[in-house]
Structure formats: C-alpha cells, structure tokens
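Trainee: Could you walk me through how to read a few features of a model like this one?
Mentor: Gladly; let us look at it together.

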Amino acid sequence: MTVSTYKKQVGSIVKDTDRFSVVTAGEEYRPDLVSQKVYGTPSFWWKILEANNIKDIFDFKAGTNIRIPQ
C-alpha cells in the first residue's frame, strides 16, 4: 500500500474545463450537495471550497458565485 500526501494548490488557475455556478438556497452551507450533483459523490466538497478560497462552511451562502474545478 502506498500513501501520498495531499498538497494544497496555491493560487489555483482557472481552467477552460472549470464550471461556474451560483449556490442555491437548498445548497447553502452544503458544498457536499454541490459535489454530489457535479461529481456524483459528496466526497469532493473540499475541492469546491478550496477552489473558491472558502475556509469557513458558513461562507458557502446562497447567491455566492462559485467555481467548480474539473
């Protein structure tokens, strides 16, 4: 078994494959729901927060424009 360490992307660059969306009222404080909708799994919620430089779940509010990395 191999173990790799995750290293945070510093100053992630917007790519042509990235999507953009607006957080809906039903998704407020729930990046896991957006991850489920986009990636098919709730496990990548952290990628969405990291791509948008959101450090606190309570900053994931309805009406916020977000970038969804591929």
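Mentor: Let us begin with a term: contact means heavy atoms within 4.5 Å. By that rule, I54 touches L49, D59 and F60, leaving out residues up to four places away in sequence. This is a predicted model, where local features need pLDDT of at least 70 and side-chain atom pairs count only at pLDDT 80 or more, while totals for chains, interfaces and linings use all residues. Residues are numbered from 1 along each chain as its sequence is written, and side-chain values use heavy atoms, with hydrogens and water left out.

Trainee: Is I54 buried or exposed?

Mentor: Buried means under 20% relative accessible area, exposed over 50%, and partly exposed in between (1.4 Å probe, protein chains only). I54 counts as buried because its relative accessibility is 14%.

Trainee: Where does I54 lie?

Mentor: Helices (H or I, at least four residues) and strands (E, at least two) are DSSP runs, numbered from the N terminus. I54 lies in the loop between α2 and β2. Its C-alpha atom is separated by 9.8 Å from that of I66, twelve residues apart along the chain. N53 is found in that loop between α2 and β2 (65–68) too, and N53 is exposed because its relative accessible area is 54%.

Trainee: What is the phi of N53?

Mentor: N53 has a positive phi of about 55°, although it is not a glycine. Y29, in the loop between β1 and α1 (31–39), also has a positive phi, near 65°, and is a residue other than glycine. Y29 counts as partly exposed, because its relative accessibility is 35%.

Trainee: Which backbone nitrogen does the side chain of D18 reach at 3.0 Å?

Mentor: A polar contact is a pair of N or O atoms within 3.5 Å; within protein, one must be able to donate a hydrogen and the other to accept it, and residues adjacent in sequence count only if both atoms are side-chain atoms. The D18 side chain reaches the backbone nitrogen of K15 at 3.0 Å and that of Q70 at 3.4 Å. D18 lies in the segment before β1 (19–22) and counts as buried, because its relative accessibility is 9%. Leaving aside neighbours within four places in sequence, D18 is in contact with I13, R67, I68, P69 and Q70.

Trainee: And which helix holds W45?

Mentor: W45 lies in helix α2 (residues 45–51). W45 counts as partly exposed because its relative accessibility is 39%.
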